[in-house]
Amino acid sequence: MNPHRVTSSIACGLAFAIFCGAAPASAAEPIALDVQQSWPIDHATHHVQGLAATADTFWISSVDRATKSGYVYRVDRKTLRVEKEERLAIGDQFHPGGMQLVGGRLWIPLAEYRAKSSSTILALDPTTLARLASFTLDDHIGALAADGRGRLYAGNWDCRLIYVLDEKGKVL
């Protein structure tokens, strides 16, 4: 794992969430991270794409282009053990992106690994990583933020467009 790449991916995702006005809905929601700190995780994480965190848990999304597989991991912050791993792939969509935990849902985009493609936006249970809801968009979504008030902000490849959506996928 390349620490610089992870740090720059995280910084980009945090900047996207701040730009979109996404804010935690309660104290149990995501917290700010000191990006000067590091946490060695003894588990293959492939090419990290996104990070969400609470006081007790990290969620990491990553892509393994060689096997055309996306992943999301739930990591205990005290032990740094991966407690749950879920492979993400829907047809040609295997590239998860930046994600956010809001309102008891982990919102994560899953896209084809190319610009101007398609994506499925997933709402996952943060504990089990089971799919709670999903909808599709006709664009590659690489970053996703939620405002806790029913709106999602989705940035496409290189964030050339930012979509404002409701939680069912309607473009607002």
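A residue is called buried when its relative accessible area is under 20%, exposed when it is over 50%, and partly exposed in between (1.4 Å probe, protein chains only). By that criterion, buried residues make up 47% of the 172 residues in the protein. The structure is a predicted model, in which local features need pLDDT of at least 70 and side-chain atom pairs count only at pLDDT 80 or more, while totals for chains, interfaces and linings use all residues. Residues are numbered from 1 along each chain as its sequence is written, and side-chain values use heavy atoms, with hydrogens and water left out.

Confidence is expressed as pLDDT, the predictor's value for each residue from 0 to 100. Its mean is 84, and 78% of the residues reach 70 or more. Where pLDDT is low, the predicted coordinates should not be read in detail.

Five salt bridges are counted, each requiring a side-chain nitrogen of Lys or Arg within 4 Å of a carboxyl oxygen of Asp or Glu. One of them joins Lys 78 and Asp 56 at 3.3 Å, N to O. Lys 78 lies in the loop between strands S3 (69–76) and S4 (82–88) and Asp 56 in the loop between strands S1 (47–53) and S2 (57–64), so the pair ties together parts that are 22 residues apart in sequence. Lys 78 is exposed, at 67% relative accessible area, whereas Asp 56 is partly exposed, at 44%.

Methods
Helix = DSSP H or I, 4+ residues; strand = E, 2+ residues; numbered from the N terminus.
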